[in-house]
Amino acid sequence: MEALPRNKPLPGWLLNLTLLGMMAALLGLNAVVNASLTDYAVEVLIHIGLAMILAVSLNLINGITGQFSLGHAAFMAIGAYTGGVLMCHYQPAGWLGTAAFVGVTILGGLVAALAGLVVGIPALRLRGDYLAIATLGFNQIVITCLQQIDSVGPFTTGGAIGLFGIPHHTNFFWVYTWVLLCVVGIWRLVRSGKGKPFLSIREDEIAAGAMGVNTTFYKVAAFVVGAFFAGVAGSLSAMFELSISPTSFNFMRSVEIVVMVVLGGSGSITGAMLAAAVLTYLPEQLRIMPGPLHALADWRWVIYALLLIVMMLLRPAGLLGKREIWWTRKRRPTPLEGPT
Amino acid sequence: MQVFLQQLINGLSIGAVYALIALGYTMVYGILRLINFAHGDVYMVGAVLAYYLSCWAQKHVHSTVAALAIVLAGAMIGCAVLGFLIEFLCYRPLRNRPRLVALITAIGVSLFLENLFQYDGIFGANPRQMAQLIVVKPIVSFHIGGSPTAVVISSVDAITLGLSLVLMLALSWLVLKTRTGLAMRAVSFRFDTAALMGINTNRIISITFVIGSALAAVAGCIDAMRYDINPLMGVRPGIVAFTAAVLGGIGSIPGAVLGGLMIGMVETLLKGLILPSAYSGFADAAAFVVLIFILLLKPSGLLGKKALEKV
């Protein structure tokens with residue numbers, strides 16, 4: 001991308017073909033990873049992948065469109081429960097199981113997207129901190145409902161204890177296929193002509209509206225797309241962890257994703273991916289380290305919090321700011337990036 | 001009728017605590033336009049201080065009143081210092097930055113306090129109970145319309161209601177009748193103009209944080225007498241009290257009290273009277289449903305003023 005002049009983007013079919021090629025490569029990589037790495041390492045890799053989907057999808061809402069949401073874990077919960085409950089109830093096996101897994105994951109995403117539509121509508125009226133607190137309220141409502149409801153019709157949801165016995169389907173290949181779809185999807189959405197309104201809302205909502213941008217539509221669109229991928233990540237995690245409980249999708253989980261986005265740089269897709277990888281890997285690494293470093297893993301959340309505060313005091317734009325990882329500081333900002 | 005009245009008293013007692021916390025939110029928001037996410041955790045620190053002070057007071061102080069006074073005063077001073085430090089270290093350097101930056105910092109401070117207190121050397125993640133300084137017993141009980149069970153006001157409820165009333169009266173005296181209060185109102189009305197008129201805005205903001213945190217400490221002490229103390233106890237009351245502040249009209253001091261009492265009563269009435277017991281857990285979500293509807297229908301709240309959006 002970098003070498004090409006900006007006014008001549010790659011043709012769509014070429015990108016789609018590349019995407020398919022990368023997915024095929026992932027299938028090969030999956031075999032290599034499973035054969036050569038320990039189960040623990042694969043698990044960490046999968047957690048990193050899930051964190052990446054969550055961080056990049058929240059980045060669309062928080063960083064790119066500038067609608068500060070504190071309820072991303074709720075969308076994840078909706079996806080996880082949709083996928084988990086259905087698979088737990090029907091327990092499909094063999095190739096049918098894999099097909100059902102793919103279908104259910106997409107369904108989880110769609111149900112979460114529907115919830116995103118419902119939450120996106122308040123976003124029309126609310127700005128900044130009010131929106132943050134409303135989405136936080138939404139998260140709490142979802143958790144409370146999940147804790148109180150034990151079953152819906154014939155389907156068991158488990159109530160406060162949680163749902164157990166979800167079949168195992170998620171592996172390296174599926175997680176990173178979705179990472180690919182999420183990152184490329186959001187990347188192309190934002191870089192396309194249709195994506196510029198998202199950025200314009202972040203920069204100045206009133207000016208964007210005055211220029212004829214349908215701010216309502218794009219704010220809701222950001223919520224719907226972001227929620228879809230969060231739902232997918234939730235469904236994937238349900239079929240990896242094999243059990244889900246309402247409290248694992250609480251406010252803290254939402255904040256964890258926000259920390260990733262903020263740390264990576266609100267608006268930077270690669271920044272969010274980098275922060276997701278580092279913040280997932282680091283505690284795992286600290287945990288297996290001997291001596292005083294081991295204690296750091298216990299202090300992980302205190303360190304997160306301090307990092308967040310210090311980051312806001314010293315470098316509020318995040319590690320990468322609005323730049324992507326390969327944009328150097330010296331380059332003049334393109335009209336898309338705007339002044340940083 | 002008897003159940004209704006009893007739940008009303010319980011609701012008032014719980015609502016008074018929400019109101020005390022909501023006052024801190026509303027005062028800070030009125031001046032800085034900042035949701036002080038860490039406020040709920042200041043309340044938690046108040047409860048933790050009450051725990052340690054009550055353990056000490058039980059051994060060394062023999063008079064109940066003196067012990068209670070020590071616990072309250074100690075927690076208030078401790079939290080006031082904490083509130084001052086939070087503002088001075090974390091919010092003051094961000095005064096002219098976008099509001100979201102300050103909001104994320106506030107979330108950071110909140111997480112920091114919650115997790116710091118989960119560390120065993122400081123408090124630990126396990127819930128603990130405050131040393132019992134006063135016995136929870138009914139001090140007023142009366143019968144209505146020949147019903148067999150009495151309506152009861154317990155000692156903790158009485159202390160809660162009395163204390164909140166005194167503090168709220170003191171606060172309204174401070175805000176309405178003193179020069180500091182006048183300055184606070186001026187700063188909240190027009191920040192820049194107040195600074196041009198010679199008001200030391202930084203000092204006023206510090207005072208606001210100190211007062212709000214001291215009120216949260218009192219709320220923490222009261223809830224420490226009623227419930228278990230743990231480092232995450234401030235999360236829910238924090239959000240609920242914020243809801244109360246929004247319901248009453250954020251920035252409005254009488255609004256915060258009204259909102260707090262209303263939310264407290266709605267919660268207890270839903271839990272104890274309206275919802276069947278199998279569904280009473282849903283009452284926990286009531287405050288958040290109220291919050292979202294208020295934000296959608298009347299964001300300025302019951303007693304708030306409508307803010308105009310300026311380009």
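I count a contact when heavy atoms lie within 4.5 Å. The model I am reading is predicted.

**Entry: Gln7(B)**

I started in chain B, where helix 1 (residues 2–32) holds Gln7(B). I left aside the neighbours of Gln7(B) within four places in sequence and listed its contacts: Thr268(B), Leu269(B) and Gly272(B). Is Gln7(B) buried or exposed? Its relative accessible area is 16%, and the cut-off for buried is under 20%, so Gln7(B) counts as buried.

**Entry: the largest nonpolar core**

I next looked up the largest nonpolar core, which has 209 residues. Which of them touch the most other members? I noted Leu70(A), Phe75(A), Phe138(A) and Phe249(A) from chain A, and Phe37(B), Tyr91(B) and Ile229(B) from chain B. The element that gives the most to this core is helix 2 (residues 39–64) of chain A, with 15 residues.

I then picked Phe37(B) and again left out neighbours within four places in sequence. In chain A, Phe37(B) is in contact with Leu70(A), Ile133(A), Leu136(A) and Phe251(A). In chain B, the contacts of Phe37(B) are Tyr25(B), Leu103(B), Ala106(B), Ile107(B) and Ser110(B). Leu70(A) is also on my list of residues that touch the most other core members.

**Entry: Gln147(A)**

I moved to helix 5 (residues 128–148) of chain A, where Gln147(A) lies.

Notes. Residues are numbered from 1 along each chain as its sequence is written. Chains are lettered from A and ligands numbered from 1 in the order in which they are written. This is a predicted model: local features need pLDDT of at least 70, side-chain atom pairs count only at pLDDT 80 or more; totals for chains, interfaces and linings use all residues. Side-chain values use heavy atoms; hydrogens and water are left out. Helices (H or I, at least four residues) and strands (E, at least two) are DSSP runs, numbered from the N terminus. Buried means under 20% relative accessible area, exposed over 50%, partly exposed in between (1.4 Å probe, protein chains only). A nonpolar core is a set of buried Ala, Val, Leu, Ile, Met, Phe, Trp, Tyr and Cys residues joined through side-chain atoms within 4.5 Å.
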